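Visitor: Could you take me through the surface and the aromatic contacts of the structure shown here?

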Amino acid sequence: MARLLTPRFALLTAADLGYFTAIGIAVYALPLYVTGPLHESKAAAGLAFGAFAISALALRPFAGRLTDRIGRRPLLVGGTALAATSLALTALATDLPAIIALRLLLGVAEAAFFVAGFAALVDIAPPERLGEAVSLNSLGLYLGLAVGPPLGEVLTQRSFPTAWLAAAALCLASTVVSAFMGETGTPTTTNTKLIHRPAIPPSIALCTSLVAIGGFLAFAALRAQDEGFENTSLPLFLYGTTVVVSRVAFAKIPDRLPPLKLGAIALAVITLGMILTALPHTLIAGSVVLGLGVTFSTPAFFAAVFATAAPHQRGAASGTASAFIDIGLGGGPILLGLVANASIPAALVTGGALAAAGCLWTLALRRALTH
């Protein structure tokens with residue numbers, strides 16, 4: 001069996017860990033900052049949280065083409081450096097328009113880093129172990145999202161600027177790691193398309209899961225606050241920890257089941273988790289169930305996406321799929337934020353309903369491909 005755990009794989013995962021720990025700090029701090037010191041509404045918190053998706057969504061396809069043409073490393077290094085700049089400047093922001101502008105800048109960074117990161121991962125991973133590679137590499141992402149919120153809680157108790165500057169420092173560390181990793185792809189002069197059309201159907205299914213997850217990430221701390229939790233970052237921590245532990249324990253499963261079948265199961269579990277987070281006294285259970293669903297959703301749908309792409313199309317496929325990630329993670333908080341203004345539990349149930357629709361879409365897509 002081809003080797004997966006190489007130095008380049010370790011460096012890419014370390015870069016993800018630094019970047020997403022920084023994002024985890026922002027996940028916790030941003031809604032509380034907007035509704036606290038800035039005295040804005042919960043809908044405004046959802047808008048600020050999801051604003052990065054506007055610029056990220058617009059630029060993902062261009063980042064995909066660029067990473068196929070000039071390589072993965074320039075976008076990895078540039079993306080993390082730009083994220084550090086955005087987060088550092090957030091420490092100086094004192095009103096909602098400034099926060100939104102900096103979140104838009106973070107979206108540019110997100111487009112570059114995320115697209116290049118997934119393309120680099122597919123370059124590095126043996127094809128027959130791609131599902132396992134996504135599961136293990138994503139430990140950096142989910143460990144960051146697990147550790148980031150509690151770290152953000154500790155840092156914001158000192159001051160919000162302390163949290164933003166710490167997040168910026170973590171992104172700078174990822175910049176250094178990305179520079180040492182070197183180039184993983186072979187730049188091509190082939191005129192690749194901005195949108196990799198075969199990636200769209202499985203990406204739609206992935207998007208529905210991320211609308212739900214985006215709503216959970218944006219409003220979990222506020223939901224915990226409403227439920228009387230002393231540690232309001234606990235649901236986010238348990239969610240992230242569940243994904244990390246499960247991705248290690250079940251890393252080989254995505255390579256053993258058909259991707260769309262596994263994706264449909266994952267969406268059904270996510271639906272259940274979202275409903276539990278909305279019910280009284282089951283927020284903790286819902287956070288864990290949600291983590292179990294997400295354990296398999298991303299590896300399943302990314303395996304389905306990259307099965308449609310040749311090596312010189314991996315950047316375009318990554319850009320297409322990750323554009324739907326922006327729609328989900330960015331649009332989810334904005335859409336569900338409108339519902340959350342009246343009721344956070346209602347917003348969480350709405351996210352679950354969208355995941356259920358995604359499950360039905362995935363089952364229909366699988367039937368269409370097998371007939």
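Visitor: Which residues make the nonpolar surface patch of about 260 Å², and which helix gives the largest share of the patch?
Guide: In this predicted model, the patch is made by Leu17, Leu143, Val147 and Leu151. Leu151 is found in helix α6 and, because its relative accessible area is 32%, it counts as partly exposed. The largest share of the patch, three residues, comes from residues 130-158, that is, from helix α6.

Visitor: How many aromatic pairs does a search of the whole structure find, and how far apart in sequence are the parts that Phe20 and Phe114 tie together?
Guide: The search finds nine aromatic pairs. Phe20 and Phe114 form an edge-to-face pair, with 6.3 Å centre to centre and 85° between the planes. Since Phe20 lies in helix α1 (residues 7-35) and Phe114 in helix α5 (residues 96-124), the parts that the pair ties together are apart in sequence by 94 residues.

Visitor: Is Phe114 buried or exposed?
Guide: The cut-off for a buried residue is under 20% relative accessible area. Phe114 has a relative accessibility of 9%, and therefore counts as buried.

Visitor: What is the angle between the planes of Phe118 and Phe302?
Guide: Phe118 in helix α5 and Phe302 in helix α11 (residues 283-306) link distant parts of the chain, 184 residues apart. Their rings lie 4.1 Å centre to centre and form a stacked pair, for which the planes must be under 30 degrees apart. The angle between the planes of Phe118 and Phe302 is 5°.

Note on methods:
Residues are numbered from 1 along each chain as its sequence is written. This is a predicted model: local features need pLDDT of at least 70, side-chain atom pairs count only at pLDDT 80 or more; totals for chains, interfaces and linings use all residues. Side-chain values use heavy atoms; hydrogens and water are left out. Patches are made of residues with over 30% relative accessible area and no salt bridge: like charges are joined within 9 Å, nonpolar side chains (Val, Leu, Ile, Met, Phe, Trp, Tyr) within 5 Å. Accessible areas come from the Shrake-Rupley method with a 1.4 Å probe; for residues, only the protein chains shown count as cover. A salt bridge is a side-chain nitrogen of Lys or Arg within 4 Å of a carboxyl oxygen of Asp or Glu. Helices (H or I, at least four residues) and strands (E, at least two) are DSSP runs, numbered from the N terminus. Buried means under 20% relative accessible area, exposed over 50%, partly exposed in between (1.4 Å probe, protein chains only). Rings of Phe, Tyr and Trp (its six-membered ring) pair if their centres lie within 6.5 Å; planes under 30 degrees apart count as stacked, over 60 as edge-to-face and the rest as tilted.
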